[in-house]
Amino acid sequence: MPLSALFSKVDRESYTDPDMPEYPGLYLAFHVLTAGEIMGATAGSAAGLAMHTVAHLRGKKSLPLAARMLRYAGGGVVFGALAATTMLTAFAITKENMDEDGIADRAFRIQANPLVQAKHSATGLSAMTLGLAAAVPAYFAPASLGGTAIRIVGGYGLGAAIGMLGVVAFARKEGEEQ
């Protein structure tokens, strides 16, 4: 399948449901990239916390926890986005079910999944909030946190990780109630 099929508009004769994304390939790409960013940010945040804890236990002087968390979460966002882009490209080229109908079907199932919609909402909101908050150096970010770009991407990643933890806790609570 050529990668240009990712940018095809949906055939409304085949999919009359109004919830079907207008550009299913772009919606699928958005979903894969945000999932990669969130996984990378969560892994980066955990690694930052672990590295800070190890440095603290060894008695070594290190960056403040906030600085380390922002830097590792930001690195996780970048690494996760690159990994997700590579995987999406490889799947689009090699998988047989990645034709226009397969992409449209997958995009429709993602759009119809309420847990995925909750993930997009929670992680997006918390990521943007912390990303913007980390960008304001005078009040929220001492000089040790690095440049503005590092703070924004790190805040975005940390917010995405926190939002995802909220979604997981919410899904677990919902599962217990049923």
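How near do the axes of α1 and α2 come, and at roughly what angle do they cross?

Author: This is a predicted model, in which local features need pLDDT of at least 70 and side-chain atom pairs count only at pLDDT 80 or more, while totals for chains, interfaces and linings use all residues. Residues are numbered from 1 along each chain as its sequence is written, and side-chain values use heavy atoms, with hydrogens and water left out.

Two packed helices are described by the angle between their axes and the distance between the axes. The axes of α1 and α2 come within 6 Å and cross at roughly 145°. Here an axis is a line fitted to C-alpha atoms, for helices over the stretch in contact, and angles run from 0 to 180 degrees between N-to-C directions. The crossing of α1 and α2 is right-handed; a crossing is right-handed if the near helix is turned clockwise from the far one by less than a right angle, and left-handed if anticlockwise. By class, the contact of α1 with α2 has 15 nonpolar, 9 polar and 2 charged residues. Ala, Val, Leu, Ile, Met, Phe, Trp, Tyr, Cys and Pro count as nonpolar, Asp, Glu, Lys and Arg as charged, and the others, Gly among them, as polar.

M69 is found in helix α2, which covers residues 65-94. At 14% relative accessibility, M69 counts as buried (buried is under 20% relative accessible area, exposed over 50%, partly exposed in between, with a 1.4 Å probe and protein chains only). Leaving aside residues up to four places away in sequence, M69 touches S45, G48, L49 and L158, where contact means heavy atoms within 4.5 Å. M69 and L49 are 20 residues apart along the chain, and their C-alpha atoms are separated by 6.5 Å.

Helix α1 (residues 24-57) also meets helix α3 (residues 100-112): their axes come within 8 Å and cross at roughly 55°. The two are therefore oblique to each other, since angles under 35 degrees count as roughly parallel, over 145 as roughly antiparallel, 65 to 115 as roughly perpendicular and the rest as oblique. α1 passes α3 in a left-handed crossing. On the α1 side the contact is made by P24, G25, Y27, L28 and H31, and on the α3 side by I103, A104, R106, A107, I110 and Q111. These residues divide into 7 nonpolar, 3 polar and 1 charged.

H31, in helix α1, is buried, with a relative accessible area of 13%. Not counting residues up to four places away in sequence, H31 touches I110, V116, K119 and H120. With H120 there is a polar contact between side chains, at 3.4 Å (a pair of N or O atoms within 3.5 Å; within protein, one must be able to donate a hydrogen and the other to accept it, and residues adjacent in sequence count only if both atoms are side-chain atoms).

V116 is found in helix α4 (residues 114-135) and is buried, with a relative accessible area of 14%. V116 touches H31 and I110, again not counting residues up to four places away in sequence. V116 and H31 are 85 residues apart in sequence, and 8.8 Å apart in space, C-alpha to C-alpha.

As for the whole protein, its secondary structure comes to 6 helices and 0 strands (DSSP runs numbered from the N terminus: helices are H or I with at least four residues, strands E with at least two). Of its 178 residues, 34% count as buried. Among contacts with a separation of 6 or more, 73% are between residues 24 or more positions apart.
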